[in-house]
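Colleague: Could we go through this model together? I would like to start with the ligand site and then turn to a strand.

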Amino acid sequence: MGARAAELTVEEKAALCLGADIWRTAPVERLGIGSVVLADGPHGLRKPAEGGVGIGGSVPATCFPTASALGSSWDPELVERVGAALGAEAAAQGVGVLLGPGINIKRSPLCGRNFEYFSEDPLISGVLGAAMVRGVQSRGVGACVKHYAANNQETDRLRVSADVDERTLREIYLAGFERVVREAGPWTVMCAYNAVNGVLASQNRWLLSEVLRDEWGFDGLVMSDWGAVADRVAALAAGLDLEMPPNLGVSDAALVAAVRSGELAEAELDTAAGRVLALGDRVGAGAPAEPVDADAHHALARRVAAQCAVLLRNDGALLPLDVPAGGAVAVVGEFARTPRYQGAGSSQVNPTRVDVPLDELRRALPDEVDVRFAAGFTIEPDVAADEQLAAEAERVAADADVVVAFLGLPASAESEGFDRTHIDLPANQTALLARLAAANPRVVVVLSNGSVVRTSDWERHAAAVLECWLSGQAAGGAIADVLVGAAEPGGRLAETVPLRLADTPSHLNFPGELGHVRYGEGVFVGYRGFDAADRPVAYPFGHGLSYTSFGYADLEVAVTGSADDGDLAVDVAVAVTNTGARPGTEVVQLYVGDPHAAVARPVRELRGFAKVALEPGQTRAVRFRLGARDLSYWSTAAGRWVLEGGRFDLAVGASSRDLRLTTSVEVPAEPVRPPLGSGATLDEWLADPDGAERLRAAVGVDRRGRPRGILASAELSRMLGNFPLARLATFPGLGITPDVLRAIGP
Ligand code: BGC
């Protein structure tokens, strides 16, 4: 901890490893060392107003689209711009660390906090998380990547153990964190509440020190989630530098006592306290904050929200709206007047202002178009009121040229702190929709929800469906822009929309019981599971329509370097053309599959994506470069990433189920062979050319020069090939004698 170490007492160092209060690190006034202020959150600053307590009443801040929406942008540049705006707002409020982004994987659509997370896929979570971190930190404010790790549900979140095999952890649940740490250098990481394989994340040395620091090179500070520390001394020894909020008088005393008794080496305390001081230095080195232009940030939030909106279907090109002069639009749904644009819990922002979709739509449509509103339903269903509202909405719909129905989840349906138990829209809304469709078939549904909702039970009543997620305070303006075609729907699904909840791969293992949740689906999360089981879905991962159309051609792949030399590069190029009449952006997706592998692998995994803007008729070459890691799996046996040489299938397309061009490449690599000994099987010995030779030599030949025992019989070798040699030695006549075992070594 540098020169300052010597100046601090054990008590002062212990105090540094706890906050001073719920939002500040501890100062050391004697040495002129100040506090760092921490504040939520992922999509907007939640800095409590002076004297404020609880979730509400924070200082006004721009509420940007939540991660559920940002994930659908597939656009790291855009997310970086949001991050920079968040950083600027934090800096202007004297906040040194912003508690976001949250990059946990959406393992189940039921997770109450899915609106705070980007995707079911770690590449999207990692790329967008890194972009957010770069943006925030470009303003001299530290980001805090959370919640590390395997915090994929709210049920029993402070106690539950996520029981996950290491390969699944590495490939799915840690991969996003790894990318953010390696690529963006976050100043802080927040540990999760839950345990991972029986050890609380806050006390998990493997996670906090071995993987995070030793392997990935993290050089920042690890803080606890709020209230995640059970044993301060064990947590510090595992690598947890800062406890938040501080258990004052208890945790600090425990640290001092542990150092005095020798239970904790003072050097470990020095390291943790040093990291708190280093964070202060990083925050202090930032340029002076500049005033925030709230209007500019609102305008950014609006542009971004349009880029996150996913057009799920658009029968008969009903969108963008084309209403004749003198025509009428029926706007139905309480959400058009009372928008839902963010989720509940620690991320809840006090917005600088809120766009109302109904007003924005009126503004966006020509004056000659009559916009008529009917609430249609109550957000928190009220049976008596709903009947009357639905009847009135039906009348308004019948007389209109087109109906725009704003449906979605009530705030009470999803929040931090609890999980959902179903994924259905409220029945009063789906019943209303059926009546609207009977009155007027030209119905556009606009959805506001943080986590996926089932569409299969109602979408026959909708000609067009626009999924807007919880898209921040400017969502209303953005929705109007997309509906009238002033902006395009730029989003693509970062998570699968299932036909039924029961189809989702984690279904039978969510949310666990008796303190454990078993990640039984392994790496087959989201589309990886749907595709492996070839199960139909409502809308696949990656899906989203545009107002124009795109053609894919000329897929080319070139392999250079070699996996064994560590310089393998697989270069992929594809030409994408805007084949329609409007400008538009396409999200070009590259999937890779390893059809013959020693472990069960997904049919395809997203390994690259690019969002490209194209004018009508314009063509652009889109290029991707894959490395060995993109083709590898985590081998639990070898304790490292393993690339198995052979054929790999590559596909580019517009969703995991809309693959436009496919090809295969051969990638050579030295085979991974298990260590040979008497515990290795006959098959394993014979599969290894050197091993086969050694074994044959040890077994020897008979008088006529033929191999002895089992090696003479193809039939027996096949039948007993999975026997370890030591077990074969127990059978007489097979030629695997004690002498042979001695000759081949242990
Ligand atoms: C949440 C974190 C949040 C923290 C501070 C916790 O309950 O899990 O995401 O940053 O509170 O509000």
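Colleague: Which classes of residue make up the shell around the ligand?
Modeller: The shell has seven charged, five nonpolar and two polar residues. Here Asp, Glu, Lys and Arg count as charged, Ala, Val, Leu, Ile, Met, Phe, Trp, Tyr, Cys and Pro as nonpolar, and the others, Gly among them, as polar. This is a predicted model, in which local features need pLDDT of at least 70, side-chain atom pairs count only at pLDDT 80 or more, and totals for chains, interfaces and linings use all residues. Residues are numbered from 1 along each chain as its sequence is written, and side-chain values use heavy atoms, with hydrogens and water left out.

Colleague: Which residues come nearest to the ligand?
Modeller: D40, R113, H147, Y193 and D225 do, of the 14 residues around the ligand.

Colleague: How far is the polar side-chain atom of R113 from an oxygen atom of the ligand?
Modeller: The distance is 2.7 Å. For H147, a side-chain N or O atom is also 2.7 Å from a ligand oxygen, and for E416 a polar side-chain atom lies 3.1 Å from one.

Colleague: Now strand 14: is it buried or exposed?
Modeller: Seven of the seven residues in strand 14 (residues 402–408) are buried, that is, under 20% relative accessible area with a 1.4 Å probe, counting protein chains only.

Colleague: What stands opposite V404?
Modeller: V331 does, and in strand 15 the bridge partner of V404 is V444. Six bridges join strand 14 to strand 15 (residues 443–448), and the two run parallel.

Definitions and conventions:
Near = heavy atom within 4 Å. Polar contact = N/O pair within 3.5 Å; in protein donor to acceptor, adjacent residues only side chain to side chain. Buried < 20%, exposed > 50% of the residue type's maximum accessible area, 1.4 Å probe, protein only. Helix = DSSP H or I, 4+ residues; strand = E, 2+ residues; numbered from the N terminus. Pairing = 2+ DSSP bridges.
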